[in-house]
Protein chains: 2
Amino acid sequence: MGENYTLLVKLAQKGLSNIETSTIKLSKELKTSQQTISRKLVEMENNELIKRTSSTKGMVINIEEKGITYLKKNYQTLKEIFQSKDSIKGKIQSGIGEGGYYVSKYQEQFQKQLGFKAFPGTLNVKTNKEEIIKFITTITPIEINGFTTKERTFGSLICYKIKVNKQPSAIVIPERTRHAKEIIEIISSKNLRKTLKLKDNVEVNISK
Amino acid sequence: MGENYTLLVKLAQKGLSNIETSTIKLSKELKTSQQTISRKLVEMENNELIKRTSSTKGMVINIEEKGITYLKKNYQTLKEIFQSKDSIKGKIQSGIGEGGYYVSKYQEQFQKQLGFKAFPGTLNVKTNKEEIIKFITTITPIEINGFTTKERTFGSLICYKIKVNKQPSAIVIPERTRHAKEIIEIISSKNLRKTLKLKDNVEVNISK
DNA sequence: ATTACTAGCCGTCGAGTAC
DNA sequence: TGTACTCGACGGCTAGTAA
């Protein structure tokens, strides 16, 4: 089938039927030549992935059954890869986390975006890396903007609203990290360690 | 980046970390040569999509941050393409549908798989083609097997459990069609036309 | 403006093979 | 068994251009 997947996705993003576009527009969007787009669209039409009416003024494209099925199959595959349980287990790690000081610097934004001011200390929880990646992928990330003071720069954070043993909390990941580590840092309005009576190595339940 | 997407997805299907495999196995699965897999894996490692430890006994692959982010981005894109509202509108079409006779032939399976015996007549509803495709994609399809009698063959059906104005029903699509048309056929335990007091061109709400 | 052909360049593929 | 190199062949890419 050649490499028509990227083009098919690009088209689908514009709609599934009656897409008005041109080979030149598409070539710019996909950073390739007008000729390549033209050739690929002809191919895709021969493969019955799409149907077109093209003129010297541009073209109108419809994604056909076969094309939609192909995209759907891909969607399902990725869905399965990232699908996770609704909750995962983790073990409390020692230390209150060095995060306490940093947490205090983002309070206004936490209040605004997460709906609570955070207790100045993070709960460190050890999880299974694969599980935490999948778990997090299905949650909408909340971005906390970075800022600069006279002294130094505080980077952006990505937060995921979760519950720790049913207590509303949030996983906090520095944006430069970009991805969850095995050990995650959790904040909450309460002192989770006290409220939930947690000790090192105790297992907790992290849910959506 | 070349065409490494397919290979990355194949790897991800095996897991995100500590994937034990070999270039030969992968080449068979992806119907390409061992050499191509080897070259692509080297490329992907250079691009920091994966990390590997390879020996003469095979290899262990870990998908790295960049690779996971790349897959996630793709997943989100497809998700947006197929994401739909939880309900769509449709307009009642004239005619009871020729489906009445056929419906009666599948009753046992309807009872078993859908949980009801169907009123022998289908409700034809005109919808927006694009919306119905997206709506249906998020519902788990239920397959009704085809069968052959002395006289003729009855093909397989794909059903999607839905509600029409809150009344439990199912969209029925002959499998050979494979995809929703603009006009869909709906069955229910009740005579929907009577129960819901529907007339031609009246708008109905189709929900999950 | 467009689409899509032809021609020639260039990159990707895989057989052969070393380790 | 393995991985991964070299290198010839083949196919995809884009410049030029017709319509």
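**View 1. K72(B), a buried lysine in a helix.** At 16% relative accessibility, K72(B) counts as buried, where buried means under 20% relative accessible area, exposed over 50% and partly exposed in between (1.4 Å probe, protein chains only). K72(B) sits in helix α4 of chain B; helices here are DSSP runs (H or I, at least four residues), strands are E runs of at least two, and both are numbered from the N terminus. This is a predicted model, so local features need pLDDT of at least 70 and side-chain atom pairs count only at pLDDT 80 or more, while totals for chains, interfaces and linings use all residues. Residues are numbered from 1 along each chain as its sequence is written, chains are lettered from A and ligands numbered from 1 in the order in which they are written, and side-chain values use heavy atoms, with hydrogens and water left out. What does K72(B) touch, leaving aside residues up to four places away in sequence? The list is F82(A), I136(A), T137(A) and H179(A), with contact meaning heavy atoms within 4.5 Å. For a sense of scale, K72(B) and I206(B) are 31 Å apart, C-alpha to C-alpha, and 134 residues apart in sequence.

**View 2. Where chain B meets chain A.** Here 30 residues of chain B are in contact with 30 residues of chain A. The size of an interface is often given as the accessible area lost when the parts come together. For chain B and chain A, the buried area is about 3,000 Å², with 64% of it on carbon and sulfur atoms; the figure is the accessible area (1.4 Å probe) that two parts lose on being put together, summed over both. The rule finds seven residue pairs in polar contact across the interface of chain B and chain A (both at pLDDT 80 or more). A polar contact is a pair of N or O atoms within 3.5 Å; within protein, one must be able to donate a hydrogen and the other to accept it, and residues adjacent in sequence count only if both atoms are side-chain atoms. How many salt bridges cross the interface of chain B and chain A? The rule finds zero, a salt bridge being a side-chain nitrogen of Lys or Arg within 4 Å of a carboxyl oxygen of Asp or Glu.

On the side of chain B that touches chain A, the elements giving two or more residues are α1 (5-14), α4 (65-82) and α7 (129-137) of chain B. The biggest giver is α4(B), with 13 residues. By type, that side of chain B divides into twelve nonpolar, ten polar and eight charged residues.

**View 3. Helix α4 of chain A and its buried residues.** The end C-alpha atoms of α4 (residues 65-82) of chain A are 26 Å apart, which agrees with the 26 Å that its 18 residues should span at 1.5 Å a residue; the expected span is 1.5 Å times one less than the number of residues. The buried residues of α4(A) include G67(A), L71(A), K72(A), Y75(A), L78(A) and F82(A). What do the buried residues of α4(A) pack against? Within chain A, they meet α1 (5-14), β3 (58-63) and α7 (129-137), and from chain B, they meet α1, α4 and α7.

**View 4. Salt bridges within the chains.** The rule counts twelve salt bridges over all chains. In one of them, E48(A) and K66(A) meet at 3.9 Å, N to O. E48(A) lies in the loop between α3 (34-46) and β2 (50-55) of chain A and K66(A) in helix α4 of chain A, so this pair ties together parts that are 18 residues apart in sequence. K66(A) is partly exposed, at 47% relative accessibility. In chain B, E45(B) and R52(B) form a salt bridge with their closest N and O atoms 3.0 Å apart; E45(B) is partly exposed at 26%, whereas R52(B) is buried at 19%. R193(B) and D200(B) form another, at 3.1 Å.

**View 5. R52(A) in its strand.** R52(A) is in strand β2 of chain A and is buried, with a relative accessible area of 18%. Its side chain makes a polar contact with the side chain of E45(A) (3.0 Å).

**View 6. Two lysines with positive phi.** K31(B), in the loop between α2 (23-29) and α3 (34-46) of chain B, has phi near 50° and is exposed at 79%. K166(B) has phi of about 75° and lies in the loop between β9 (157-164) and β10 (167-174) of chain B.

Notes: Ala, Val, Leu, Ile, Met, Phe, Trp, Tyr, Cys and Pro count as nonpolar, Asp, Glu, Lys and Arg as charged, and the others, Gly among them, as polar.
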